[in-house]
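Please read these points with the model open beside you. They cover the ligand surroundings and the charged pairs.

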Amino acid sequence: MRTNLLGLNRPALTQWLEEQGQKPFRARQLMQWMHQRGESDFSRMTDLAKPFRSLLEAQAEVEVPRLLSEQCSADGTRKWLLALAPGNAIETVFIPEEDRGTLCVSTQIGCALACSFCATGRQGFNRNLTTAEIIAQVWWANQALGHDPQGERIISNVVLMGMGEPLLNYDAVVQALDILLDDFGYGLSRRRVTLSTSGVLPALERLRERAPVALAVSLHAPNDSLRNALVPLNQKYPLQALMAACLRYLEYAPRDFITFEYVLLDGVNDQAVHAQELIELVRTVPCKINLIPFNPFPDSGYRRSSSQTIQAFRQRLQQAGLVTTLRKTRGDDIDAACGQLAGQVVDRSRRHLRMAGAP
Ligand code: SAH
Ligand code: SF4
């Protein structure tokens with residue numbers, strides 16, 4: 001089988017080259033060709049000697065999943081659907097803003113964690129993505145977005161906030177982070193790469209030393225009983241342990257705060273008492289709160305909080321001195337907003353059957 005070089009970080013690519021009897025510095029050249037110039041055809045890597053190119057053609061490949069569709073929202077948000085056999089597809093979203101361009105990438109086909117308000121969670125789980133499949137999303141987006149004539153980066157930020165729980169795919173994700181951060185890869189600073197997790201604590205402990213990027217934690221509830229219901233993983237890693245892990249992460253993090261994400265669900269977690277509990281909960285953790293209006297999907301069973309409720313919740317937090325932002329809903333006309341990503345998932349967890357009442 002030929003090796004897919006797209007998914008090798010620099011140490012792994014260097015080792016592979018050495019095994020082929022090649023010089024280690026070729027890793028830098030190859031990475032630049034693949035990740036910076038978007039080249040997938042070895043025969044077009046013109047500054048590589050012919051015999052080396054022939055060796056690459058025989059032993060290796062730059063394999064990217066097939067692009068199934070591209071959609072563009074009225075607000076400029078773009079979404080790509082990539083085919084992953086058999087019968088699966090994952091989604092990647094680009095969100096242009098005034099001062100940055102953010103690419104939201106997926107890390108798993110579906111998600112096993114089953115948060116009750118999340119379309120991905122509803123769909124069940126198929127498998128982890130490989131490093132190459134994670135990186136291929138950035139590769140495709142770069143191809144589609146092209147180059148800025150002024151030489152500005154079009155993708156200035158990458159967030160691991162698409163389909164899946166990145167910390168349940170730890171090995172592939174950290175290698176993808178290596179490539180995103182590598183000067184010969186995508187050259188992003190650690191501050192511009194954000195991993196979002198619902199709180200897989202053992203993996204978070206490992207991440208802080210291995211690849212401490214900016215961290216977003218999906219909180220969504222200020223007490224254990226409510227969070228147990230919304231984010232079932234909380235039953236395993238409850239809030240006090242999560243807060244302690246966040247504090248430890250900050251010792252290594254590239255930013256001096258954690259972002260807490262909080263989806264506002266009408267009548268469920270958006271009342272004054274919840275705001276008060278939240279203020280208490282995060283008191284000791286330097287943080288910013290990112291409030292997310294719930295994005296609906298069919299049969300979710302939840303409603304978005306009214307704008308008055310959202311504003312009141314935000315003000316309560318702000319009055320307590322918490323920096324609180326409200327995430328703008330982007331791309332919902334193409335189902336690209338947070339929590340709406342569904343792709344196509346061949347569920348192997350049998351969740352859809354259990355939900356339909358089957359044994
Ligand atoms: N599994 C990771 C990353 C992917 S989810 C995590 O949970 O953090 C990315 C973000 O979208 C999370 O904060 C998640 O809670 C939020 N989200 C999920 N469903 C949503 C919905 N229906 N509306 C708005 N945000 C949602
Ligand atoms: Fe998985 Fe994140 Fe969705 Fe929860 S919110 S089901 S962890 S993708």
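The points below take the ligands, then the salt bridges.

1. Basis. This is a predicted model, in which local features need pLDDT of at least 70, side-chain atom pairs count only at pLDDT 80 or more, and totals for chains, interfaces and linings use all residues. Residues are numbered from 1 along each chain as its sequence is written, chains are lettered from A and ligands numbered from 1 in the order in which they are written, and side-chain values use heavy atoms, with hydrogens and water left out.

2. Shell of ligand 1. There are 19 residues around ligand 1, where near means a heavy atom within 4 Å. Phe 117, Ser 196, Ser 218, His 220 and Asn 295 come nearest. Strands β10 (193-197), β12 and β13 each supply at least two residues of this shell; strands are DSSP runs of E of at least two residues, and helices are runs of H or I of at least four, numbered from the N terminus. By class, the shell has eight nonpolar, nine polar and two charged residues. Nonpolar covers Ala, Val, Leu, Ile, Met, Phe, Trp, Tyr, Cys and Pro; charged covers Asp, Glu, Lys and Arg; the others, Gly among them, are polar.

3. Oxygen atoms of ligand 1. A polar side-chain atom of Ser 218 lies 2.6 Å from an oxygen of ligand 1. A side-chain N or O atom of His 220 is also 2.6 Å from a ligand 1 oxygen. Thr 197 uses a backbone N or O atom, 3.5 Å from an oxygen of the ligand. The protein covers 95% of the 530 Å² of accessible area that ligand 1 has on its own (Shrake-Rupley method, 1.4 Å probe).

4. Salt bridges. The whole structure has 16, each a side-chain nitrogen of Lys or Arg within 4 Å of a carboxyl oxygen of Asp or Glu. Glu 39, Asp 41 and Arg 44 form a network of them.

5. A buried pair. Glu 261 and Arg 327 form a salt bridge, with closest N and O atoms 3.1 Å apart. Glu 261 lies in β12 (residues 258-264) and Arg 327 in the loop between β14 (323-326) and α12 (351-355), so the pair ties together parts 66 residues apart in sequence. Both residues are buried (under 20% relative accessible area; exposed is over 50%, partly exposed in between; 1.4 Å probe, protein chains only).

6. Glu 205 and Arg 208 meet at 3.2 Å, N to O. Arg 208 is buried at 13% relative accessibility.

Terms used. Polar contact = N/O pair within 3.5 Å; in protein donor to acceptor, adjacent residues only side chain to side chain.
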